[in-house]
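Open the model in your viewer and keep the sequence panel beside it.

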Amino acid sequence: MTAHEIDYRIYGEEMQYVEIELDPQEGVIAEAGSFMMMDDGIKMETIFGDGSQKDSGFLGKILGAGKRILTGESLFMTAFYNNLVGKRNVSFASPYPGKIVPIDLTEFGGKFICQKDAFLCAAKGVSVGIEFSKKLGRGLFGGEGFIMQKLEGDGMAFVHAGGTMAKKELQAGETLKVDTGCIVGFTQSVDYDIEFVGGIKNTIFGGEGLFFAKLQGPGTVYIQSLPFSRLAGRVLASAPRSGGKNKGEGSILGGIGDLLDGDNSF
C-alpha cells in the first residue's frame, strides 16, 4: 500500500481548515460534507468505501461501503484529483470548534485508531476501516461501542479534536484515565479498556458517568476537551422549551429576568 505524498497547511485557531496541495495525478479522500473550497482544475468524484487498493473490484467496494455503515458514517466518500499540470489546492473544514490533527501513519507503524466521527480527510491510498473491540466491557460501556475507525497505510491523515487537543506520550505500563467521550484516537500499541468509577457517592452524584476509559502505554494518545456529544448536550439544554420561550439564563426570575436583561425573544 503506497499512499500519495501530499503537502498541507492548517489555518485558523478555533475553527480550523486544512489546505491540501496536490501535485499532478495526486489525490485526497474526505468525508462527505467536509469540503470547503478547491482550485479550478481539480476533479471531484464520489466513491464507495475509501477507494484504497484494499477495496478494489466490485465486491471490495461493497465491503468497503458496508464498513462505513457500521461506523455510522455516510455510505459514500469523496475523492479529489489533480488531473492537470501544476499544483492545485483543495481545502477541508473542521465540523465544529476544535483542532485539526495531522497524523503521519508512517510514524505510528501504519495504523491509527480513532473515534467514529473523528476522521476528516487523508491522502489517496490510506484505508479507512473498522476496529472491533475484543473486550466485552469496553464494547458495552466504553461510549464508542464495539466499533471504532482505523486508519491504515503510509500516508497523511487528518482527524478532528473538539475544543483544545492534548497529546500524551505514554511509557510502557503508564496509565491514563480519561472520560470515554474525550478520546480522539491512539496508536495501535496502546491498550484500551474501561474502569468502573467506584464509590456510591461518585456513582450516584458524581455527574461524570459510571466508567473511565483506561489507556495503558506504550504509545501516543490524543485527547479532546470538548466532545461533540457534550457540546450538543449543552446546546439542547439551553434550547427554547415548548411555547418558544427561552430558558432564563443567569436569573432566578426566569422569563421576567429575560425582560430585565434585554433578552426579549419570544
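Which residues have the most contacts inside the largest nonpolar core? They are Phe92 and Leu151, in a core of 39 residues. Note before going on that this is a predicted model.

**Stop 1: the cores**

As background, nonpolar side chains in soluble globular proteins tend to be buried together.

**Stop 2: strand S16**

Next select residues 183–187, which form strand S16. Is this strand largely enclosed or open? Five of its five residues are buried, so S16 is largely enclosed by the rest of the structure.

Strand S9, residues 111–114, pairs with S16 in the antiparallel sense over three bridges. Within that pairing, select Phe112, which stands opposite Thr187 of S16. Strand S19, residues 219–224, also runs antiparallel to S16 and is joined to it by three bridges. Here select Gly185, whose bridge partner in S19 is Tyr222.

**Stop 3: the charged pairs**

How many salt bridges does the structure hold? There are six. In general, side chains of opposite charge can pair when their charged atoms come close.

Begin with Lys111 and Glu131, whose closest N and O atoms are 3.2 Å apart in a salt bridge. The pair links distant parts of the chain, with Lys111 in strand S9 and Glu131 in strand S11 (residues 127–132), 20 residues apart. Both Lys111 and Glu131 are buried.

Move to Lys87 and Glu21, which form a salt bridge with the closest N and O atoms 3.8 Å apart. Lys87 sits in the loop between strands S6 (76–82) and S7 (88–93), while Glu21 belongs to strand S2 (residues 17–22), 66 residues apart. Lys87 counts as partly exposed at 47% relative accessibility, and Glu21 counts as partly exposed at 25%.

Finish with Glu169 and Lys167, whose side chains meet in a salt bridge at 3.8 Å, N to O. Glu169 is partly exposed at 45% relative accessibility, and Lys167 is partly exposed with a relative accessible area of 45%.

Methods
Residues numbered from 1 in each chain as written. Predicted model: local features only at pLDDT ≥ 70, side-chain atom pairs only at ≥ 80, totals over all residues. Heavy atoms only, no water. Core = buried A, V, L, I, M, F, W, Y, C linked by side-chain atoms within 4.5 Å. Buried < 20%, exposed > 50% of the residue type's maximum accessible area, 1.4 Å probe, protein only. Helix = DSSP H or I, 4+ residues; strand = E, 2+ residues; numbered from the N terminus. Pairing = 2+ DSSP bridges. Salt bridge = Lys/Arg side-chain N within 4 Å of Asp/Glu carboxyl O.
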